Amino acid sequence: MRIFLTLVAALAVSAGPASSQEKLTVYTYESFTAEWGPGPQVEKAFEAECGCDLEFVAVADGVALLNRVRLEGQATKADIVLGLDNNLTADARATGLFSAAGIDLSGVKVPGGWTDDMFVPFDYAHFAFVYDTQAVKTPPRSLSELVDGTFEEKILIQDPRTSTPGLGLLLWVRAVYGDAAPQAWSKLKDRILTVTPGWSEAYGLFTKGEAPMVFSYTTSPAYHMVAEDTDRYQAAAFEEGHYLQVEVAGMTARGADNRLARDFLEFMIGPGFQDIIPETNWMFPAGVTEKPLDPAFAKLVRPAKSLSFGPEEVAANRKQWVDEWLGVMSR
């Protein structure tokens with residue numbers, strides 16, 4: 001018996017260091033953690049630096065991410081929330097659940113610059129309608145042409161209540177049409193095949209041929225050029241300009257007490273993270289890189305004009321604008 005107890009005690013002591021390993025919990029969206037997304041490579045690279053355990057917890061998309069953190073409140077397990085965007089930073093700040101990043105952001109470069117000290121950009125791109133050139137011979141040249149034209153092709157979009165691209169389209173229509181946005185949605189409604197909770201579901205249906213157009217990003221065709229060696233899928237260039245998305249990460253109040261949280265944010269804007277982004281998340285890197293972009297990125301649509309609302313304006317009007325959209329879509 002004594003030998004048995006001694007063996008148990010020895011095993012308990014030897015197991016001690018593994019159980020006390022430092023841990024960082026990062027909430028993000030599903031496509032980030034997919035096997036083809038940045039998550040697996042980011043996890044491996046950061047854990048090699050920190051000697052810690054990085055755990056990703058995924059939800060459908062960026063707006064759902066904020067909804068979850070808000071619902072959990074002070075009880076959230078998240079140290080870092082990665083996958084909000086420039087349209088949600090004011091709403092996120094208003095929750096009182098986030099802390100200032102406290103890191104040097106001088107290496108961050110995004111269109112229009114960045115001044116927020118709480119949320120840290122990790123990539124960016126402009127929204128766009130991506131189309132199948134084998135099914136759409138003459139793509140729309142503007143948002144108004146898409147809404148008011150005679151195009152019959154069905155489109156796939158995302159829900160603005162759960163998805164940052166869905167919210168981006170809502171804001172893009174608002175930026176172009178102003179108070180006439182509900183009327184624009186009324187015209188566009190019959191063209192919509194389905195509204196998905198997140199980007200992954202919509203793009204998956206698109207690549208399966210369920211519809212010839214999907215709401216996505218100007219950078220999405222780079223995936224097909226690089227990974228599939230095809231120019232079949234392209235983004236339509238719109239004359240009014242394209243709405244800009246900057247994806248960000250924020251450190252929670254819980255994370256402020258975990259030294260790994262700031263370490264992760266600093267890692268996130270450096271080459272160990274940023275070099276992974278272009279060919280896994282298929283966006284432009286927002287921080288410092290060491291590797292050049294694949295030549296495919298030089299072939300992408302480059303909007304002549306970036307459209308955006310300030311985060312405070314989005315926060316003040318988001319509920320009303322979403323309710324207007326719901327009112328049209330439910331008729």
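**View 1. The lining of the largest cavity draws at least two residues from each of α7, α8 and α13.** Helices (H or I, at least four residues) and strands (E, at least two) are DSSP runs, numbered from the N terminus. The model is predicted, so local features need pLDDT of at least 70 and side-chain atom pairs count only at pLDDT 80 or more, while totals for chains, interfaces and linings use all residues. Residues are numbered from 1 along each chain as its sequence is written, and side-chain values use heavy atoms, with hydrogens and water left out. On a 1 Å grid over the protein atoms alone, a cavity is a set of points where a 1.4 Å probe fits but cannot get out; lining residues have an atom within 4 Å of a point. The volume of the largest cavity, about 60 Å³, is the space filled by probe spheres set on the points, which are joined across faces, edges and corners. Its lining consists of Leu170, Arg174, Ala181, Pro182, Trp185, Trp321, Glu324 and Trp325.

**View 2. Helix α13 covers residues 311-329.** At 1.5 Å a residue, its 19 residues should span 27 Å, and the end C-alpha atoms are 25 Å apart, which agrees; the expected span is 1.5 Å times one less than the number of residues. At Asn317, α13 bends by about 55°, the bend being the angle between axes fitted to the seven residues ending there and the seven starting there.

**View 3. The buried residues of α13 are Val314, Arg318, Trp321, Val322, Trp325 and Val328.** Buried means under 20% relative accessible area (1.4 Å probe, protein chains only). Among the elements that cover these residues are α4 (62-72), α5 (89-94) and β10 (242-252); a contact means heavy atoms within 4.5 Å.

**View 4. The largest pocket has a volume of about 460 Å³.** Of its 25 lining residues, Ser31, Trp36, Trp199, Tyr203 and Trp282 are the closest to its centre. A pocket is an open set of points with protein on both sides within 12 Å along at least five of seven lines. Helix α9 gives the largest share of the lining, five residues.

**View 5. The second largest pocket holds about 340 Å³ of space.** Its lining has 17 residues, and the closest to the centre are Asn86, Thr89, Gly113, Trp114 and Pro311. Two or more lining residues come from each of α5, β10 and α13. The largest share, three residues, is from α5.

How values were computed:
Buried means under 20% relative accessible area, exposed over 50%, partly exposed in between (1.4 Å probe, protein chains only).
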